[in-house]
Amino acid sequence: MRLEGHFFDGHSSRSHPASVAVANGLLRVEGAAGETLHPACELDGVEFSSRVGNTPRFIRFPGGASFETADNDAVDRLLARRAPANGLAHRLESKLRYALVGLAFTVVFVWACVQWGVPALARVAAHALPVELNAHAETVVLELLDRQLLKPSRLPAQEQTRLQAVFAPFVGDGRPVRILFRDAAGTIGANALALPAGTIIFTDQFIQRAQHDEELIGVLAHEIGHVAHRHAMRASLQASFLGLLSTLVVGDISSVSSAVTALPLMLTQMGYSRDFEREADRHAVDTLRSHGINPQRLVDILQRVDPDADEKRGYLSTHPPTPERVRLILSAAGE
């Protein structure tokens, strides 16, 4: 038996046109001129790559040399002399029922990873990371926000001091929470957000929308929920894990495959974000009730800040619809 292909000596990437001659259980690699490129080896002493479709096969010799050939049928006949059970990958991918079973398994595996595996892994990892990492991430994010979206607060210093005093009982429970005020006119507007290490930012525009200090306390409790559950770091980790999972399933994410995977990844991340908001809302309800404040205060400011927010965001929202959040808050409050 003789196989035609290319020989690689294992020392460089250069290939040499060659053939493998098989006789009496020995394989001998010969060059185009008939010269010997590799000493004869016993058939049982070499490795054969699995057959997958019509892709080229490799015969790997001891010492790192290899021989590549497109003659899959000849390799199969050669393998039959040594181990008739080889070629499992080829047989599996050649049977439709096996391919369908494999596809179903892949779908279930990916769904389970996205639904439970990735969030659970991110939760454990986020709480295991050192505090210094959260602090570094927060510094970077705050510098970026102050450079591009936020300006120094225009609230009077007296008002800022008063609000800090109002918030003090809710940030002194052992968590390193600090409150900052920023002007966000023309950018994010009326908003509040929590950074990874515990800094919570209220925009001037948000403060101006509040009609009662307890409304701001409700929002503060919601943002502290983000800090307590490490949502910022979990979101970052989940995005990384999803990218890794996508690479595992579809291969290198580039060109066409990037377009195929980008939208599902984005929608999945938005789903995670909505779950974070629900978790933070439940944390806010528990905090408000423990301090004797009616959770309706949080509902009031949510409905007032941007009554058209849901129509503006549509399906691509990182927050649940306001009516849904209202129902969850009131339900958690037993109302």
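Mentor: A salt bridge here is a side-chain nitrogen of Lys or Arg within 4 Å of a carboxyl oxygen of Asp or Glu. The model is predicted, so local features need pLDDT of at least 70 and side-chain atom pairs count only at pLDDT 80 or more, while totals for chains, interfaces and linings use all residues. Residues are numbered from 1 along each chain as its sequence is written, and side-chain values use heavy atoms, with hydrogens and water left out.

A search of the whole structure finds 15 salt bridges. One of them joins Arg 2 to Glu 30, with the closest N and O atoms 3.1 Å apart. This pair links distant parts of the chain, 28 residues apart: Arg 2 is in strand 1 (residues 2–8) and Glu 30 in strand 3 (residues 26–31). Helices (H or I, at least four residues) and strands (E, at least two) are DSSP runs, numbered from the N terminus. Glu 30 also forms a salt bridge with Arg 28, at 2.7 Å between the closest N and O atoms. Glu 30 is buried, at 13% relative accessibility, whereas Arg 2 is partly exposed at 43% and Arg 28 is partly exposed at 34%. Buried means under 20% relative accessible area, exposed over 50%, and partly exposed in between (1.4 Å probe, protein chains only).

Another salt bridge joins the side chains of Glu 215 and Arg 304 (2.7 Å, N to O). Glu 215 lies in helix 7 and Arg 304 in helix 10 (residues 296–305), so the pair ties together parts 89 residues apart in sequence. Glu 215 is buried at 2% relative accessibility, and Arg 304 is partly exposed at 23%.
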